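This report is meant for a reader meeting the structure for the first time. Please look over the sequence and the fold before going on to the sections below.

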Amino acid sequence: MNRTEPGPVGGPLANGPARWGLAVGLLALHVGLTLAWSSGLARDDLESMVFAQGWAWGYDPEQPPLYNWLEMALFEATGPSLAGAILLRWSIVGVGVLALYDAIRRMAGGDGALAAGAVAGMAGTALFGFEGARHFTHTTLLLTTTALLLWTVVCMVERPTAMRYLAVGGALALALLSKYTMAVFALALLLGALVDPATRARLFNRRVLLVSIAPLLALPGHLVWRQEQDVSLPDRVATITDTGAGVAPGEALAGLLSDTVADPLAAMAPPLVLILVLLPWWRRGGARPTPRWDRVLAAYVAAAMALTLAIVLDRGGDRLRYHYLMPAAMVLPAIPLLWVGSRDLAVAPWRRRALGWGLGGLAVLFALGSVVDRVLIEPRHCDRCLSLLPAERAAQAVREAGFTDGTIVAANLDWSANLRPAFPDARMVARHYPDWRPPHPPGNGACLILLSRAETEALRTGTLDPESIRDTLKPMLDAAPPDGWLARFQVHDLPLTHAPDRTVPFGFVLLTEGLGTCR
């Protein structure tokens, strides 16, 4: 991209040390806050902690295994820990940010300020700078692998060597192993590449066959495992997109159009509005170079929205969760910046400065919002309060009851996953996943049966139906709990970390003699 005018983004983002300082500072703030303020695992980390008990081609029928493999590799080297889970997730975030930044920088002909503006704009939203910073594991990995795929595609378009086609295939394999919805975004990116002659020519190069090598090597083992599962992916799509409200087709279409089109645009409104207000997009520009990456990305976003809408409608769904289109939404701030940059417009210095400060300021604003929420709001108003669960106190209560090794049976995963760092050699199963078993067999230890918070409260008030729990445990453990097993029930009201005036019940039954395969 040959330009005679400076790029559209100025201010601190036009200065290399300043933009890298901002990136490192924001990353350090998020990581430091999460490490310092968390005593329990975040929502999605609960599942990963439980599943990372051994190597397998698959763990959860709803998700591919790559995130679990990464966590397994980490835990085999360091042992399971809260800090390890946090650092793994944020390392993945860091890799994704670097890949996205360099992909956009290459699209912009080396304009690092424009790329920093696009990434800062992404971070300057509640969707990425707040929700994305607080939650997600597989979705975080999906975003990173999508960014890696985009980066390898840009490098391949720049210079179509055999190694770069192979790299695209490697990134595609990683992306497909991160989350099943990646198939939609990979197809959308393929359709987006068809709209520009330069990118389209790379698709009709015979070397494109090299892209298939890595997926053909990496995917078969998991696909065979997936075929053996009871729940098919189409059925699962129907389950998670159908509210069961009996919505009429026209109403469902209107709602899904809002979910797939309006909601992602609204989520990215802060940087998009700022860009449209400050940049003179209405002026006539100069010659536009190829490839037109703004068109490729716009077509990619439109195709991802259309494909998602079509799939959900085909399965009879009427809603879509807010984070499903994040791989498309993350490139939205880059599209208008690349469009203005490609037209070589003369942008007034004050506009460039204001845009740089504005986009960087949005990223800082949402990072500080996370601090306020974690430190001031969450301790007072949280519901499940996962990150504030006193995991060490719970582990101490279990030790004092006599549990040191054996099998832990979880109700939900709130307490069980948080106990695993304290008992790394214990085997763990969950009533939440009654058909799933760890790869390694039971040992000769005790059986620790955890109760959910609701079950604990019901047991206290005498309203718990023990037969429902018994009926679930019998096929899981190859043995039914003995008569009177609930008489061994223990409960501890543990104060939340950073909110000692609020307590959470921790209930369990310890069978020191074991029970069936729970030992």
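This is a predicted model: local features need pLDDT of at least 70, side-chain atom pairs count only at pLDDT 80 or more; totals for chains, interfaces and linings use all residues.

Aspartate 373 belongs to helix H19, which spans residues 349-381, while arginine 134 belongs to helix H6, which spans residues 126-134, so the pair ties together parts that are 239 residues apart in sequence.

Side chains of opposite charge can pair when their charged atoms come close. When the whole structure is searched, 17 salt bridges are found.

## Two domains in the chain

The domain assignment divides the chain into domain 1, made up of residues 12-39, 81-224, 232-276 and 289-370, and domain 2, made up of residues 386-518. Six residues of domain 1 and nine residues of domain 2 take part in the contact between them.

The C-alpha centres of domain 1 and domain 2 are 39 Å apart.

## Where the domains meet

Between them, domain 1 and domain 2 bury about 520 Å², and 47% of this area is on carbon and sulfur atoms. On the side of domain 1, Trp37, Ser39 and Ser81 supply 80% of the area buried against domain 2, which is more than any other three residues supply.

How many salt bridges are counted between domain 1 and domain 2? The count is zero, whereas five residue pairs, with both residues at pLDDT 80 or more, are found in polar contact across the interface of domain 1 and domain 2. The residues on the side of domain 1 that touches domain 2 comprise three nonpolar and three polar residues, with no charged ones.

## An annotated region

Note on methods:
Residues are numbered from 1 along each chain as its sequence is written. Side-chain values use heavy atoms; hydrogens and water are left out. Domain bounds come from an automatic or database domain assignment. Contact means heavy atoms within 4.5 Å. Buried area is the accessible area (1.4 Å probe) that two parts lose on being put together, summed over both. A salt bridge is a side-chain nitrogen of Lys or Arg within 4 Å of a carboxyl oxygen of Asp or Glu. A polar contact is a pair of N or O atoms within 3.5 Å; within protein, one must be able to donate a hydrogen and the other to accept it, and residues adjacent in sequence count only if both atoms are side-chain atoms. Ala, Val, Leu, Ile, Met, Phe, Trp, Tyr, Cys and Pro count as nonpolar, Asp, Glu, Lys and Arg as charged, and the others, Gly among them, as polar. Helices (H or I, at least four residues) and strands (E, at least two) are DSSP runs, numbered from the N terminus.
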